[in-house]
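Biologist: I would like to learn how to read a model of this kind, one feature at a time. Could you take me through it slowly?

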Amino acid sequence: MTDVPFQEPTSEVSGLEAGRPGSSPGGAAGGGRRFVRTAFVRRKERFEAWARGVFLAMAAAMIVPLVAIVGHLTYEAWPSLELEFILDVPRRGMTEGGIWPAFVGTLYLVGLSLAVAAPIGVLAAVYLNEYARDNWFNRVIQLAVINLAGVPSIVHALFGLGAFVYAARFGYSILSASLTLAIMTLPVIIASTREALAAVPRAFREACWNVGATRWQTIRSIVLPNSISGILTGVILQVSRAAGETAPIMFTGAVFYKAIARGDLFAYRLDEQCMALSMHLYTVTTQVPNVRESVPYATAVVLLASVLLVNATAIGLRLWLRNRKRW
Amino acid sequence: MNPTAPHAITTKGLNLWYGTFQALVDVNVALPHGLITGMIGPSGCGKTTLLRCFNRVNERYGGVTTTGEIRVLGRNIYDPDVSLIELRKAVGMVFQRPNPLPISVYENVVFGLRIHHPRRELSRARLDEAVERALTEVGLWADLKDRLHVRATSLQLEQQQKLCIARLLPLKPEVILLDEPCSALDVEGTRAIEELMCELRGRYTLIIVTHNMAQARRISDECVFMLLGQIIEHRRTEELFLHPADPRTADYVEGRYG
């Protein structure tokens with residue numbers, strides 16, 4: 001710019017033309033050459049297109065494993081896929097038949113573990129988000145939550161074995177296994193609940209405080225009704241984790257085989273061991289010889305479909321609640 | 001609760017820190033009863049902080065240390081037996097951004113009653129009457145009497161702000177704190193809120209924080225000018241604007257900084 005002196009508008013050149021920044025002192029001839037692509041710009045544009053392509057390819061690649069997994073599983077499982085496969089019990093040393101005991105077992109384990117983890121997790125999250133001040137005690141709690149979330153599931157399994165099976169004398173049972181799963185899902189429920197609570201605008205809380213509402217009244221009347229969809233979604237998404245984990249239940253309450261009646265929904269007592277889908281998948285794949293080929297795949301499909309069904313319910317519920325509550 | 005007390009709020013040696021930052025420095029002020037007091041000053045001068053001290057809602061934000069004394073209607077609100085709930089019932093606040101709760105108009109107005117009374121005391125008739133009276137007082141009744149069950153967040157901003165004022169009224173507050181109540185509103189909305197404040201004047205003590213000097217000049221009886229956490233000048237509004245005693249006040253009201 002230093003070699004282009006600022007030109008005062010003269011009577012020959014209109015003020016508008018001369019006043020434009022960067023207009024070349026050469027006059028009208030320069031106008032046609034402006035804003036064209038230089039070689040450098042063309043290079044930048046090539047990089048831009050290339051980068052975009054790479055990122056898109058990586059994102060699109062996410063579809064491939066999902067389609068491949070679901071497609072392959074369904075294809076291999078096809079000969080066994082019928083309602084009878086879920087309702088029937090395993091037959092001929094688990095080489096044929098269905099998966100009812102494992103299916104019911106998983107229902108029990110997931111249901112009980114969420115029944116324990118959801119209230120504790122949600123209430124703890126409410127405390128941390130709505131009451132806790134920034135002091136050492138609450139920082140210790142937060143640290144504990146974060147670290148608990150990072151503990152590998154096999155370590156949770158060992159903990160459950162020591163704490164529930166032996167120390168609390170619950171034995172190898174549905175109770176022990178569910179509590180172990182509960183401990184495992186707790187930190188994630190706390191985190192997702194806190195996120196849902198934090199999403200409620202502070203203006204609502206301020207409005208409540210300034211008419212003299214206590215914290216509990218604020219939470220009850222405003223914060224919870226407006227975060228319930230997020231809280232529920234967070235809790236329900238933990239179903240898939242609880243249903244899929246094998247190590248924690250293997251150490252604490254899941255067995256290879258348990259004889260129960262076909263289609264019996266109340267087959268287990270809480271102090272008994274049970275079968276579970278994830279465990280059953282492991283068993284029929286690696287431990288039992290001469291299993292009908294489609295059985296492990298069908299088991300996997302049932303597990304996957306149940307989890308997807310639950311997650312879809314969560315999303316549906318979230319949409320429904322969100323449409324009712326809007327600010 | 002002495003209506004003849006000449007001052008609604010007095011502070012003595014009030015200091016306040018956010019962590020280590022001192023936001024209020026030795027504030028001594030006496031705000032008149034039943035009038036409109038304007039608080040002006042550049043951003044960050046502590047006027048909102050001072051306002052939030054008057055119902056101790058500052059403490060909800062955490063990291064706040066306060067020393068000194070604040071008397072509301074003669075009562076030191078830092079006395080250990082003061083209930084914050086009862087204090088905030090008597091000293092309500094209206095915010096910059098209208099913040100109606102995401103419930104119906106009706107429920108917004110009776111929210112305070114529901115918070116402060118057991119359910120059996122609240123007959124339908126009593127609630128209906130409270131809603132009609134509060135909405136009439138803020139001039140919303142005619143517009144909203146057929147729409148009491150629409151969601152309050154769907155109203156126009158001006159109506160939302162009036163509703164936020166109406167929400168305080170069933171609790172029979174003594175003092176209403178307004179933190180830049182018009183800055184999110186257009187000219188018409190601002191005029192409506194200002195007219196409403198003038199109507200409420202006399203029945204309630206109104207304290208308004210504002211960035212808008214012209215607004216302070218239009219509606220306030222007394223005016224407090226703050227700078228860097230200190231009160232520089234506190235006088236009758238016309239005197240403060242026409243004959244400011246302090247050169248910093250003079251410069252500010254003439255718009256040389258801020």
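Biologist: How much area is buried between chain A and chain B, and what share of it do carbon and sulfur atoms give?

Modeller: The size of an interface is often given as the accessible area lost when the parts come together. Here the area buried between chain A and chain B (accessible area, taken with a 1.4 Å probe, that two parts lose on being put together, summed over both) is about 2000 Å², and carbon and sulfur atoms give 60% of it. On the chain A side, Trp209(A), Asn210(A) and Val211(A) lose the most area to chain B, together 34% of what that side buries. In terms of contact (heavy atoms within 4.5 Å), 22 residues of chain A meet 26 residues of chain B.

Modeller: Please keep in mind that this is a predicted model, in which local features need pLDDT of at least 70 and side-chain atom pairs count only at pLDDT 80 or more, while totals for chains, interfaces and linings use all residues. Residues are numbered from 1 along each chain as its sequence is written, chains are lettered from A and ligands numbered from 1 in the order in which they are written, and side-chain values use heavy atoms, with hydrogens and water left out.

Biologist: Which strands form the open sheet in chain B, and in what order?

Modeller: Strands are DSSP runs of E with at least two residues, numbered from the N terminus, and two of them pair if DSSP finds at least two bridges between them. In chain B, four strands form an open sheet in the order S2-S1-S4-S5, with antiparallel pairing. Strand S2 (21–32) and strand S5 (75–76) of chain B stand at the edges, each with a single partner strand, so one side of each is left without a neighbour in the sheet. Strand S1 (residues 7–18) of chain B pairs with strand S4 (residues 64–72) of chain B over eight bridges, and Trp17(B) stands opposite Thr65(B) in S4(B).

Biologist: Is strand S3 of chain B mostly covered or uncovered?

Modeller: A residue is called buried under 20% relative accessible area, exposed over 50% and partly exposed in between, using a 1.4 Å probe and protein chains only. Strand S3 (residues 36–40) of chain B is mostly covered, with five of its five residues buried: Ile36(B), Gly38(B) and Ile40(B) point one way, whereas Thr37(B) and Met39(B) point the other way.

Biologist: Which strands does S3(B) pair with?

Modeller: S3(B) pairs in the parallel sense with strand S8 (residues 205–209) of chain B over four bridges, where Ile36(B) stands opposite Leu206(B). S3(B) also pairs in the parallel sense with strand S9 (residues 222–227) of chain B over four bridges, and there Phe225(B) is the bridge partner of Ile40(B).
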